[in-house]
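Subject: Handover of a structure and findings

Dear colleague,

Please find the structure below, followed by an account of what was found in it. I would be grateful if you would read the two together.

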Amino acid sequence: MTAAIAQNGPAAKAAGPSASSLSDTLAKHRQELGTFAVTLPFFAYTACFLLAPTVIVVVGAFQTRDGAFTLANFSKLFEANTVSAFVTSILVSVASSVIGAVVGGLASYALVIGAKPNGLMRRMVSAISSVLAQFGGVMLAFAFIATIGINGIGTMFIKQVTGLTVNPNWLSSLPGLVTVYCYFQIPLMIIIFLPAVDSIRPQWREACESLGGNTVQYWTRVALPILAPRFISAFLLLFASAFSAYATAAALFSQRSILVPLMIQGAMRNEMDPNQQGFAQVLAFAMIVVVAVVMLLSHAVEKRAGRWQ
Amino acid sequence: MTETSTTAATGAATEASATKPPQLRAARVRKQSIIKFVILLVTLGFLFIPLFSMLIFTLRHPLSGRWSLAPWVAIFTGNGESLGADLTVLWQGLGTSLALCVVTVVIMLLLMVPTMVIVHIRSKALERAIEWVATLPLTIPAIVLVVGLGPIYRWLSADVLSTNPIWLCFAYVVLVMPFAFRAIAVGLNSIDVKTLVEASRSLGASWVKVFFRVIIPNLWQSILSASFISIAVVLGEYTVASLLGRMNLQVALYQLGQSNSQISTAMSLLALLFGVVLLVALDLISDAMRKSKEN
């Protein structure tokens, strides 16, 4: 409602002295009101289910039990196990994003260069990728338990062929978690990065060659500098997706809170404990900050990349 | 294994040199196609091994080593007694998730389509604002959102609605918004909405008529793809449901996985297969869109 009144202001001021311009502005004004009325449900809905939860998180992070302002909640952020959860989370996200970005980037290159633009292989891989990139959560945990869990097919295969026993806890170790995360990171990278590789024109390579450049020079001087911003922004998106992933880790580790999302889960379950007051909100707030910084960086890099499009 | 891969590699190489992409010198084609083949083989191998393991896992009992179709029989007959598993939780979760798909898609379409169409015609500034809001859930992860949704849902279930898991749809609409927005925006940008609207308005059509008889028929492909991606997201959702203590397909799969991992792995494979079908359909739709745009 307030916005409607606010819109009223400039329109009324713009209404000049002459009568015809008055009716014009009135018509325009009515149109604006109509537009606003149609968009109202959207904004009202997002205010209730997107803005309100975010505000609850941010306000809750700064509140004591009786609602007074405090910064004390943040002291928990610097406790040893919280810091180590953040370090682990960031480590796992960076490692899985680096592997995902490199492997996914190479795969996109392999799919595009020297292939028909709409070939079967490419369409098949990109369709599978878009499924697997969404394939997070519990099902992904099952897939890896079936592969290298205690009774996994891979575990048995390795034992029969080489006689080695895979450590049954490998999946809940950090390298194991990184491997599991790579499973959705690589397809995600393929989806994000394919359009970037598409934008590389074969003429650039021809131009490079006719000017006497060799393969190494083409890659280091032409292709990589052009792809770099898109690659970095894709890497940042992968980081954000790994950092905020919850379901897979929750299904793999039922008790240990070694990642930030798992710690939030623990804090939410113990909300009645006075020692935990505001802890879930503080953790969630810190996650928003990390992801927001990463997203802003990604937008900034993308803008740079925009110059080449 | 090595034999087949080398024959396949030479096959790929001959095929590549036969089609001779214009940008490559023939001398380089062969070498490049081998590199390409190795990269794709390794990547696809990594992606397919877990899926293959899942399939074997459902067929071979992990402890006794007996091969049987029992988990699949249990799912398709709806009777898990032969494996000592109670499937009621699974059906309950599946039913909830399917209902959630329908309700979420309906709310999402009602909320997004009219809004996006009108701002696309009328106001560039509002369109940018809506884009910003709709893609915001990418920056605010579900695990963060659920911390704030907790109090809201406590209030909703105690004072306004019930604890029925169907009300998760309100949160799910927010989760699918970024994907739905992109799908619909692609459609809006590919047709000239403004001219269509002006033409039909000047021919005397009412706004309602313009919307249902002109805009929707031109946008149906993006509406369909927005719905499909929303269904895929809702079917895979675990975070919000489990932390708010509601039952849906993923929560049921997790619970069942504690007692009978074979059945829940089989069900996961089925859900994945359904996802593949949905997204391949999506690919075909976007392909059709591209073609109709070219013509």
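Which pattern does chain A follow when read along the sequence? Chain A follows α-α-α-α-α-α-α-α-α-α-α-α, that is, twelve helices and zero strands. Helices (H or I, at least four residues) and strands (E, at least two) are DSSP runs, numbered from the N terminus.

Please note the conventions. This is a predicted model, in which local features need pLDDT of at least 70 and side-chain atom pairs count only at pLDDT 80 or more, while totals for chains, interfaces and linings use all residues. Residues are numbered from 1 along each chain as its sequence is written, and chains are lettered from A and ligands numbered from 1 in the order in which they are written.

The two chains

Chain B likewise has twelve helices and zero strands. Of the 309 residues in chain A, 41% are buried; for the 295 residues of chain B the figure is 39%. A residue is buried if 20 or more other C-beta atoms lie within 10 Å of its own, exposed if 12 or fewer, and partly exposed in between, with C-beta atoms placed from the backbone.

Two residues are in contact if their C-beta atoms, placed from the backbone, lie within 7 Å. Among the contacts in chain A with a separation of 6 or more, 72% involve residues 24 or more positions apart. In chain B, 73% of contacts between residues at least 6 apart in sequence join residues at least 24 apart.

The interface between the chains

In all, 64 residues of chain A are in contact with 71 residues of chain B. Helix α2 (residues 19-61) of chain A gives the most to the chain A side, with 15 residues. That side has 43 nonpolar, 17 polar and four charged residues. Here Ala, Val, Leu, Ile, Met, Phe, Trp, Tyr, Cys and Pro count as nonpolar, Asp, Glu, Lys and Arg as charged, and the others, Gly among them, as polar.

Ile145(A) is found in helix α5 (residues 137-148) of chain A. Why is Ile145(A) buried? Ile145(A) counts as buried because 23 other C-beta atoms lie within 10 Å. Not counting residues up to four places away in sequence, Ile145(A) touches Gly152(A), Leu171(A) and, in the other chain, Ser261(B).

Domains and annotation of chain B

Chain B is divided into domain 1 (2-83) and domain 2 (88-294), with bounds from an automatic or database domain assignment. Ten residues of domain 1 are in contact with eight residues of domain 2. On the domain 1 side, α2 (26-59) and α3 (70-77) of chain B are the elements that give two or more residues. By class, this side has eight nonpolar, two polar and no charged residues.

The unreviewed UniProt entry annotates residues 94-282 of chain B as "domain: ABC transmembrane type-1". UniProt positions are given in the numbering used here, feature names are shortened, and annotations may be inferred rather than shown by experiment. Residues 94-282 of chain B are 84% helix and 0% strand, with end C-alpha atoms 22 Å apart.

A bent helix

Helix α6 (residues 142-160) of chain B has 19 residues, yet its end C-alpha atoms are only 23 Å apart, short of the 27 Å that a straight helix would reach at 1.5 Å a residue. The expected span is 1.5 Å times one less than the number of residues. α6(B) bends by about 40° at Leu149(B), and Pro151(B) follows within four residues; the bend is the angle between axes fitted to the seven residues ending there and the seven starting there. Buried residues of α6(B) include Leu149(B), Gly150(B) and Tyr153(B).

Yours sincerely
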